[in-house]
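Hello! Take a look at the overall shape before you start on the points.

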Amino acid sequence: MSTAATRTPLDRARIVDAAIRLADADGLEATSMRRVAESLGVTPMALYKHLGGRDELLDGMVDRLIEHVGGPDGSGTWREVLRARILATRAALAAHPWARDAVESRTLASPRVLAYMDSLMAVMFDGGLSADLVHHAMHALSTRMWGFTRDVMPTPRLPEDPDERARAMAGYAASYPAIVRMATTAPHADLGCDDDAEFAFALDLLLGGIEQLHLAGWRSPDRS
């Protein structure tokens, strides 16, 4: 039996799966149409029969990651259900280090992405929130609806040498006393940040604030 006769037919799903494996191994930048084609043992032109190009490939990769996420569908308040869905999305994307860059690189929401966003809004509408508040809540959630946030700027690392470290801390204390107070007195601040805990903290702050606005009957200012 020939190799051609036994080869699994190429389709969009196989291409996307191969791209995800390649991105997991070598990063998003390495995931070119040529590299994906090589991993499948075909020519790059064979991929273009199923995908319009790399942008469409990235859309397919993002779609695949969110295809089965959404969190538990069990009972709970709108806030609990929304929190669970976002944390489930965070867990799904966290398994793929390239996912954050892929999501942020998309310029137009795919039908799968729109369906995910629609599901989050539906949770809030089912909880009785107004369209006005849902609109602002989605803006406030921003990238958090995908389970990640971006730090504006990383802070400088302290020197490893104890003497240099002490001198640096003394300089920081003189110039940035509030930063040093937080770093030296907050519990566990010297152990580094727990990204999952920090994400959940910010998400709870947002959802709690949205809930309070809902209970207060909040409406956006009249701009007429």
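1. Let's begin with size. The chain has a radius of gyration of 23 Å, whereas a compact globule of 224 residues would have one near 17 Å. The radius is taken over C-alpha atoms, and the globule rule is 2.2 Å times the number of residues to the power 0.38. Along its principal axes, the C-alpha trace spans about 75 × 55 × 40 Å.

2. A word on the source. This is a predicted model, in which local features need pLDDT of at least 70 and side-chain atom pairs count only at pLDDT 80 or more, while totals for chains, interfaces and linings use all residues. Residues are numbered from 1 along each chain as its sequence is written, and side-chain values use heavy atoms, with hydrogens and water left out.

3. Now the elements. The chain holds 12 helices and zero strands. Both are DSSP runs numbered from the N terminus: helices are H or I with at least four residues, and strands are E with at least two.

4. How much of the chain is buried? Of its 224 residues, 30% count as buried (under 20% relative accessible area; exposed is over 50% and partly exposed in between, with a 1.4 Å probe and protein chains only). The chain exposes about 14,300 Å², and carbon and sulfur atoms supply 55% of that (areas come from the Shrake-Rupley method with a 1.4 Å probe).

5. Contacts are worth a glance too. Among those between residues at least 6 apart in sequence, 69% join residues at least 24 apart; contact means heavy atoms within 4.5 Å.

6. Next, the aromatic rings. Rings of Phe, Tyr and Trp (its six-membered ring) pair if their centres lie within 6.5 Å; planes under 30 degrees apart count as stacked, over 60 as edge-to-face and the rest as tilted. By this rule there are two aromatic pairs. One is tyrosine 116 with tryptophan 146, a tilted pair at 4.8 Å centre to centre with 35 degrees between the planes. This pair links distant parts of the chain, 30 residues apart: tyrosine 116 sits in helix H8 (residues 111–126), and tryptophan 146 in the loop between helix H9 (131–141) and helix H10 (162–175). Tyrosine 116 is buried at 5% relative accessible area, and tryptophan 146 is also buried, at 10%.

7. Finally, why is the pair of tyrosine 172 and tyrosine 176 tilted? Their ring centres are 6.1 Å apart and their planes are at 45 degrees, so the pair counts as tilted. Tyrosine 172 is partly exposed at 25% relative accessible area, and tyrosine 176 is partly exposed at 45%.
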